[in-house]
Amino acid sequence: MKKIISGNEAIAIGAYRANASFASGYPGTPSSEILEYTKAFEDINVQWASNEKSAFEQALGASIAGRRSFVTMKHVGLNVAADSLMSSSYTGVNGGFVVVVADDPGMHSSQNEQDTRLFARFAQVPILEPSDAKEAIGFMQYAFALSEEYDTPVILRSTTRVSHTQEVVNFDFHKLGGYENKLIARDIRKYVLVPKNAILRHKKLLDRNIALQKLTNEIPLNKIDKGALNIGIITNGVSYLYAKELLPDANYLKIGLSWPFPIELAKEFMKDLDKVILIEELEPYMEEQLKIGGISLEGKKFFPQDGEFNLDIVEEGLVKASFLKRSPKKYFEVPTNLPSRPPVLCPGCPHRSIFDILHSLRVYVTGDIGCYTLGAAEPLSSIHTTVCMGASISMGYGLAKATQNHKVVSVIGDSTFLHTGLQPLIDAYVNNVAYTVIILDNSITAMTGGQPDAASGFNIKSDKTPKVDLETLIRSIGIKRVFKVDQYDYKTTKEIIEQEINTKELSVIIATRPCVLAPKKIKDEPYFVIADKCVDCKRCLRIGCPAIGYKDNKAYIIKDSCTGCALCANVCPTDAIVKGEANE
């Protein structure tokens, strides 16, 4: 069949065709849609996990049970699963096991732009890099076979552009033949990594590396494309497509299996060429591998080590390196006269009231990863740190303990709390730290598209499931001061927060309200501004709601955007904002 598909859908299709039967993951842009597409295949048991480490180990367990399995995550999620990755490189697999990691060059929705190829080298596991959706199907299929043949986890590395770009692909949904599930593995020496066994497994890993090094110089995924010009380009991923469009007649060494790096193939490719350049996004991984192999080749001299590549950037580098003689064009001309549109909390977002309150109380706030991180943006300006998943509670604990200042507040979402927030909360309790933790509980993983978490009460297929009761969970630790508030009840919420930041004891406030977009859109009767009562104090503008405008020294409400949350009415000192339709 012929269909327009994204790279993420292609990865799901490839897994299905390869007879995968188990998949787990934690949502994170740009990887989230992979499992959303995978859930359509009834033959694959698919689920969201509480974090990437758990997801990784679930899939590894399924592999040891003899089933082809895979796990999905974004690049920073691999940090969370790193312990599991490093050790599973020693244990090896039973059924094929693929670790799908989506990097985010340019940090469209991430706190860093780390390069997963460095993790592959560190863990000494093969890594495959498709350039587009068509390749993603085939590479995913091959990853399972490679995993089983060489007894290793295999990383399939996507990037934002590969994951989200769509193209027309010819494919079918027939599973590949000749595969049967294996029996469950019972091999203590292989899978129980006590030192005696791990020493032997390390030797096996080193032997595997020798075999993989031979493979990488022979495999068709690393291919030479002959061209009419006597110049060469070594490249990978989406960079190959950019370079090929700009210099279609050059010779190319396209890298699809990048660890181990095909040094001998690179030497063969470079013979008799007048000049060769290297193009790769992010880290100079291939450049360093070539130098280790005795080949000095320039890449980062002409191309940046940060940001996402596009035609403009690649062309500019080729011109600098004298591979192109023309002046660089502008393929992506961005008008300079457009107003800026920074990301903001949605109209009606229940978290807005929390940040308005925290801003007014002038407390130090440690934040976390989620759409509520936008509480750091003006005019709310209410978050002072955001580092990584779960760091709000542990950093708040450290701040409060080090300064003996109990007016520190940690803000974390329900999904992030269940990801890596529970453990530091336990630490704060047993070490008797006095400060306040606010859990923004909308019972959904909102930022990545509304995926369910353990507090949602339903799973990836919308089937009803048991749900974690956050209040019961927190009280079971032994914490006494636990409060639940409705974020739309501005007065009560402010009273509780003010009370707790002035209490010299650990306290947790669970601030509840559903997300206004997921799992379903919420829209109540809109509010409007009585112009005669508006005194131009701009208090309503300071909540940063995109449904509120300002013209002729008066605030006004965009009724099509307003969800009827009432926060603006709650903060208006002259009662100028009321529910209903304005007379126009």
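Analyst: F41 counts as buried, at 12% relative accessibility; buried denotes under 20% relative accessible area, exposed over 50%, and partly exposed the range in between (1.4 Å probe, protein chains only). Y16 is likewise buried, with a relative accessible area of 15%. The model is predicted, so that local features need pLDDT of at least 70 and side-chain atom pairs count only at pLDDT 80 or more, while totals for chains, interfaces and linings use all residues. Residues are numbered from 1 along each chain as its sequence is written, and side-chain values use heavy atoms, with hydrogens and water left out.

Seven aromatic pairs are found in a search of the whole structure. Rings of Phe, Tyr and Trp (its six-membered ring) pair if their centres lie within 6.5 Å; planes under 30 degrees apart are stacked, over 60 edge-to-face, and the rest tilted. Y16 and F41 form a stacked pair because their ring centres are 4.4 Å apart and their planes stand at 15°. The two residues, 25 residues apart, connect distant parts of the chain: Y16 belongs to helix α1 (residues 7-17), whereas F41 lies in the loop between α2 (33-38) and β3. Helices (H or I, at least four residues) and strands (E, at least two) are DSSP runs, numbered from the N terminus.

A further aromatic pair, F70 with F144, is edge-to-face, with 6.5 Å from centre to centre and 80° between the planes. This pair also links distant parts of the chain, from F70 in strand β4 to F144 in helix α7, 74 residues apart. F70 and F144 are both buried. As for Y16 and F41, they belong to one aromatic cluster together with F171 and F173.

Seven strands make up an open sheet of mixed pairing, in the order β3-β2-β4-β5-β7-β6-β12; two strands pair if DSSP finds at least two bridges between them. At its edges are β3 (45-48) and β12 (257-259), each of which pairs on one side only. Strand β2 (residues 22-25) runs parallel to β3 and is joined to it by four bridges. Contact here means heavy atoms within 4.5 Å.

E129 is buried, since its relative accessible area is 2%. Its side chain makes a polar contact of 2.6 Å with the side chain of R157 and another, of 2.7 Å, with the side chain of S258. A polar contact is a pair of N or O atoms within 3.5 Å; within protein, one must be able to donate a hydrogen and the other to accept it, and residues adjacent in sequence count only if both atoms are side-chain atoms. Apart from residues up to four places away in sequence, E129 touches R117, E135, F139, R157, N236, G237, K254, I255, G256 and S258.

In α14 (residues 311-320), the buried residues are L311, D312, V314, E315, G317 and L318. The N-terminal end of the helix is capped by N310, a side-chain oxygen of which lies 3.0 Å from the backbone nitrogen of D312. After α14 comes S322, with a positive phi near 65°.
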